[in-house]
Amino acid sequence: MTTLTPVATRSQATPLTSSAIKSILRKPSTVLGRRPREEDGESSDGLPGSSPVKKRKTVMFNDKLNMIKEFGGKTLDDAKREVKQALEGHARGDDEDYDGLKEIFCPSPKRTIVEEEDADAPQPQDLQVYVVALTSHAPLLDRSCSGLIRAVLSCTWLDRDDVFARAYIQLLAALSAKVSFRQQALSMMVDKFTETRSSTVEVVPGFPPVDSETKKERLHLGLKYLLELYADARPMILDIVTHKFPHTEESKTRHMEYIDHLLRLKADKPDLERDIMELILSRLVKLDVEMTLDLENDDDETTRAVLRQLEASNAKSDDEDDDAMSDADSDDEDEEESDEQTRRILLLKSKLETMDAILDLLFSIYDPVFADPDSQEALATFEDLLTDFVNVILPHLKSRHTQYLLFKFAMKSNRLMEMFIGTLFNIAFQSNRAPVVKQAAVAYLASFTARGARVQSEQVQLIAQTFLDYIDHYRNTHTSCRGPDIRRYSQYYAYFQGLLYIFCFRWRDLIYRDEVPATFDWDDPASFLGQDLPWMKGLRQRLQVNIASKLNPLKCCSPIIVDEFARLSHHLRLIYIYPQIEKNKTIHLSQFFTSSYATGGALRDSGFEFDHENWTHIEACFPFDPFQLPVAKRWLDLDKNYVEWRSIAVLEKGGDDDDSESEDDDDDDDVSEDGMGEIGDASDYESDEEGGEDVEHAEGDEDSTDGEEEERRYHGSFRRT
């Protein structure tokens, strides 16, 4: 077994004033009793015959072996004999000396009070000699000594001096030779992760106060030593830190302290870096998903109250007590008067602050790496982030903020952006992926394309073209379709809805710029209204064919996205779909569903079928909806990297006219017997326009209201549409 770096002899330390150590053994024992000082045959200066003087109590080390030779006048050999006799007695069933040994490492409160008045009782400083003695006899410990092991692991070793801490680490190393004890030792050290930062400093009598940073250094010195000493300690420590990670409802302070220790562990053992960062990210995603679901289940007033609490918290000065701000318990200023709603608001606020702090920390860790986004370090780090994204983030479509780690750094360069887009395409088209994961990849593709300000027009067109190719291929391979069915054709509807979403945000990038007259103002979307525009090749015709098919995607896509697309495509003279929307109101999707029991999809009829209209639409869940965390938001540079939702002013003013137009057109449109109405083709659309339909537009105004208010109208505040 290797040893820690030798510690210098404590010759300059302040003299200890504790009394001589009282033997843990029974009085009748003469073998281990104390010898009278005159029997030693030498005086304090080491010369025979000199007058006896009280010996100075010091800790002496053998620098080669890093072993204590004497402490407080008691030799190490004496302590070893006491420990050995106690362990051997315990093996024979005589536990009196064994219990005394346990009391030395973990004294009971009652015993501590009694010994304060007992000059011969072991003092706190005396524990060190027993630590070294027990290290020598660690092989004698077995499962029957579990009580002594618990007492040893309960010792307050971080609050003493460096000499004691190193001796204690050697003891832990000796105990860890047995796998079961190794597990307990590592678990004890991980428990210290949330104990090293405390508002009240615990002082061991006879030792000066120890600051938080010193405790952390000692703790991680011990962890690093054990991990280097035992190869199988690596998977053990990963299992332990995963199991003991703070629960989502625990305070921000507790979370951040625990993560700080994880990052120190990562620095000490670089081979653990990937596992530790994935653990932190997975717990952040868990917190993120919980918050999204909590806010979806609450009413709007609760959501607004959480926002107000969060804003008020951020307005406070930085020097306020962080514990009081983050702990849910401390937020209950007057528990008797606060009702359940108030407590829930404070709990949600605490969770949001925790999530904000963790994400802010992760941004601060990764940001320096991407100072040069094309460096090998940046590329390797982004590949690691992509791996974590696929394994941890992507399967949870309800995650709302964690994925902005990818958004932030993908915007750093075209190469990183293409890596992200390529990963999403690969997952979306992999046949061995679960359908829900492939649909999530499609949602990420659409949302990133729509929201990424640095996604170029050529890339937008390429992605839109790929979506069109897929829905055409899917439609051609499902000619036996009876009608819209979200359960059977969910992948098709996910692609179609993603295409509509991209159009709503990036319709100008789907126009061939070279063929647009110079009189058009690209910064004024109103100048495009009512004009014949050179759309991307095949966009109009392929949309028409798919909308008119029996798959009827407009019926299964999110109504809010369909309505926005209908309004924009109508006024931009791309396609007119209001008649189809009106006809879809007469279609009940349950008529196209077949019982899972009847088709062999279940062993027995469960009595539960998706016959409610709420189950018949693809959820409008796009991962890069507006970022809401106030602190971490500073890293995103949203003004340059993010496309906010901007409505066209004249369309907002003329919204009522659109509805009346659709109703009038619906009156003149025929509906087939099966309820599947035909949409107007390009010629029908042109005749409608020539028939006198007047589209008013004004110059200049792109924003009818503040952009942030538009985002809330279109997507909601914290919750998804």
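The entries below go from the whole chain to single side chains.

**Entry 1: the chain as a whole**

I started by noting that this is a predicted model. My tally of secondary structure gave 30 helices and three strands. Next I checked burial, and 50% of the 721 residues count as buried. For the surface I wrote down an accessible area of about 34400 Å², with 47% of that area belonging to carbon and sulfur atoms. I also looked at contact range: among contacts with a separation of 6 or more, 79% are between residues 24 or more positions apart.

Which residues of helix H2 are buried? In this helix, which spans residues 96-105, I found Asp-97, Tyr-98, Gly-100, Leu-101, Ile-104 and Phe-105. I then looked down the axis of H2: the buried residues fall within an arc of 160 degrees, so they line one face of the helix.

Phe-105 turned up again when I opened the largest nonpolar core, which has 190 residues. Phe-105 and Trp-157 are the members that touch the most others there. Helix H21 (residues 490-506) gives the most to this core, namely twelve residues.

I listed the partners of Phe-105, leaving out neighbours within four places in sequence. The contacts are Leu-127, Tyr-130, Val-131, Leu-134, Leu-148, Ala-151, Val-152, Cys-155 and Leu-171.

**Entry 2: salt bridges**

How many salt bridges does the structure hold? I got 34, and I looked at a few of them by hand.

Glu-353 and Lys-349 are both buried.

I went on to Asp-367 and Lys-408, a salt bridge at 3.5 Å, N to O. Is Lys-408 buried or exposed? Its relative accessibility is 10%, so Lys-408 counts as buried, the cut-off being under 20%.

Then I took Arg-567 and Glu-564, which form a salt bridge at 3.0 Å, N to O. They share helix H24 (residues 559-571) and are three residues apart, about one turn of the helix. Arg-567 has 12% relative accessibility and therefore counts as buried. Glu-564 is buried too, at a relative accessible area of 7%.

I also noted a network: salt bridges with shared partners join Glu-213, Lys-216, Glu-257, Asp-260 and Arg-264.

**Entry 3: a look at Thr-423**

My last stop was Thr-423, in helix H18 (residues 414-428). Why does Thr-423 count as buried? I found a relative accessible area of 18% for Thr-423, and buried means under 20%. With residues up to four places away in sequence set aside, Thr-423 touches Leu-386 and Val-390.

Terms used
Residues numbered from 1 in each chain as written. Predicted model: local features only at pLDDT ≥ 70, side-chain atom pairs only at ≥ 80, totals over all residues. Heavy atoms only, no water. Buried < 20%, exposed > 50% of the residue type's maximum accessible area, 1.4 Å probe, protein only. Helix = DSSP H or I, 4+ residues; strand = E, 2+ residues; numbered from the N terminus. Arc of directions from axis to C-beta. Core = buried A, V, L, I, M, F, W, Y, C linked by side-chain atoms within 4.5 Å. Contact = heavy atoms within 4.5 Å. Salt bridge = Lys/Arg side-chain N within 4 Å of Asp/Glu carboxyl O. Areas by Shrake-Rupley, 256 points an atom, 1.4 Å probe, with all protein chains shown as cover.
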